[in-house]
Amino acid sequence: MKALVYTGKKSLDFCEVPDPKLKDDENLISIRSVGICGSDMHAYLGHDDRRPAPLILGHEAAGDVIEGPLKGERVTINPLVSCQKCKECKSNRSNLCGKRQIISMQPREGAFAELVAMPNRNLVKVPDDISFNDAALTEPLAVCWHAVRLGLEALDTDISSANTLVIGGGAIGLGSALSLMAKGIKKIKIAEPNEKRRAFLQANTWFDVYDPTKGHGDLSCYDIVIDAVGFSSSRSDACALAKPGSVILHIGLGDSDGGLDIRRLTLQEIRFIGTYTYTNQDFVETAQAIFDGSFGSLDWYQTRPLSEGHSAFKQILLGEVAAPKIILNP
């Protein structure tokens, strides 16, 4: 099969590789759509020790099952494979399984390829009227759905009056805003410094999008702040913008170099919640929300052939892509 292989820092090679070999209870999926994630960019830049070269990246995928128990089905892929036996798995927190694996990390190759093998339990059937491109958004949107669920569970304020801010207007930032909307939140702002992306969001969504480099306005005024960037500067902003008794949801994995105002978090009883991926139930609920149209129109991505994946990575790195997401089509 053909695959886009990460071969070293800022290096991707579109080449022939061996087809996956199926294990018991696995299906062979012909990938139709696969999104480029921020974690793929981290690996591409050589910043992720969990993704050493050579490796096939990509984990936001959908396609047709061509071999296995679900042969003939259209599916979206939950890329997180858990043990199903530990305490975390049995308490519906499979995202915290100590033996979890995810495609695009060793030992599991990713979905920037024509074929991927996955267990039955990691596949959600996709209706015929849902495009594979939309279905491939299930994974990133599930990350956001999970975070928002945790935030609303921790929030004391009535959601009908909650004032919310998302820092970052990429796919996870926009997905977080859409998840807030789907859960009934009305007051949603997005802070996005990239001019092209900000213009895209202003033209294609109803959210209040602004340039944080010109200031955030009133401080300590938000009931929920979602940091979809994860750098020290965005954590610092989140701490300053969260009101007393509020919730900060930290999704981004930009760096681990500080930025938290621990004194303010303590004195103002601001809850800081780190969120990682999603549970199996979150993933299923997110897929259903896509099928039901709860996220609205999903026309905020661009597409490229998988063979042009390397140029897409370069464009993202240079800040030339206005859309929050690029989806590759094998």
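Ser 82 is located in the loop between strand E7 (80–81) and helix H2 (87–90). Helices (H or I, at least four residues) and strands (E, at least two) are DSSP runs, numbered from the N terminus. The model is predicted: local features need pLDDT of at least 70, side-chain atom pairs count only at pLDDT 80 or more, and totals for chains, interfaces and linings use all residues. Residues are numbered from 1 along each chain as its sequence is written, and side-chain values use heavy atoms, with hydrogens and water left out.

Ser 82 counts as buried because its relative accessibility is 4%. The classes are buried (under 20% relative accessible area), exposed (over 50%) and partly exposed in between, with a 1.4 Å probe and protein chains only. The side chain of Ser 82 forms a polar contact with the side chain of Gln 84, at 2.8 Å. A polar contact is a pair of N or O atoms within 3.5 Å; within protein, one must be able to donate a hydrogen and the other to accept it, and residues adjacent in sequence count only if both atoms are side-chain atoms. With residues up to four places away in sequence not counted, Ser 82 touches Cys 89, Ser 94, Cys 97, Arg 100 and Arg 121. Contact here means heavy atoms within 4.5 Å.

Ala 177 belongs to helix H5 (residues 171–182). Its relative accessibility is 0%, so Ala 177 counts as buried. Val 166, Ile 188, Ile 190 and Phe 207 are touched by Ala 177, not counting residues up to four places away in sequence.

Trp 300 sits in the loop between H9 and strand E17 (301–305). Trp 300 counts as buried because its relative accessibility is 4%.

Helix H4 (residues 138–154) and helix H9 (residues 280–292) have axes that come within 8 Å and cross at roughly 115°. Axes are lines fitted to C-alpha atoms, for helices over the stretch in contact, and angles run from 0 to 180 degrees between N-to-C directions. H4 and H9 are therefore roughly perpendicular to each other. Angles under 35 degrees count as roughly parallel, over 145 as roughly antiparallel, 65 to 115 as roughly perpendicular and the rest as oblique. From H4, the residues that meet H9 include Leu 141, Ala 142, Trp 145 and Arg 149. Their counterparts in H9 include Phe 283, Thr 286, Ala 287 and Ile 290.

An open sheet of 3 strands has the order E2-E1-E4, and its pairing is antiparallel. Strand E2 (11–16) and strand E4 (55–56) stand at the edges with a single partner strand each, so one side of each lacks a neighbour in the sheet. Two strands pair if DSSP finds at least two bridges between them. Strand E1 (residues 2–8) pairs with E2 over 6 bridges, in the antiparallel sense. Lys 2 is opposite Glu 16, and Leu 4 is opposite Phe 14. E1 and E2 form a hairpin with 2 residues between them. In the turn, Lys 10 has a positive phi of about 60°.

A second open sheet contains 6 strands in the order E13-E12-E11-E14-E15-E16, with parallel pairing. Strand E13 (208–210) and strand E16 (271–274) are the edge strands, and each pairs on one side only. From one strand to the next, the twist averages 20°. E14 and E15 run parallel and are joined by 5 bridges. Asp 227 has His 250 in E15 as its bridge partner.

Asp 223 lies in strand E14 (residues 222–227). Asp 223 is buried, at 5% relative accessible area. Its contacts outside four places in sequence include Thr 157, Asn 163, Lys 243 and Ser 246.
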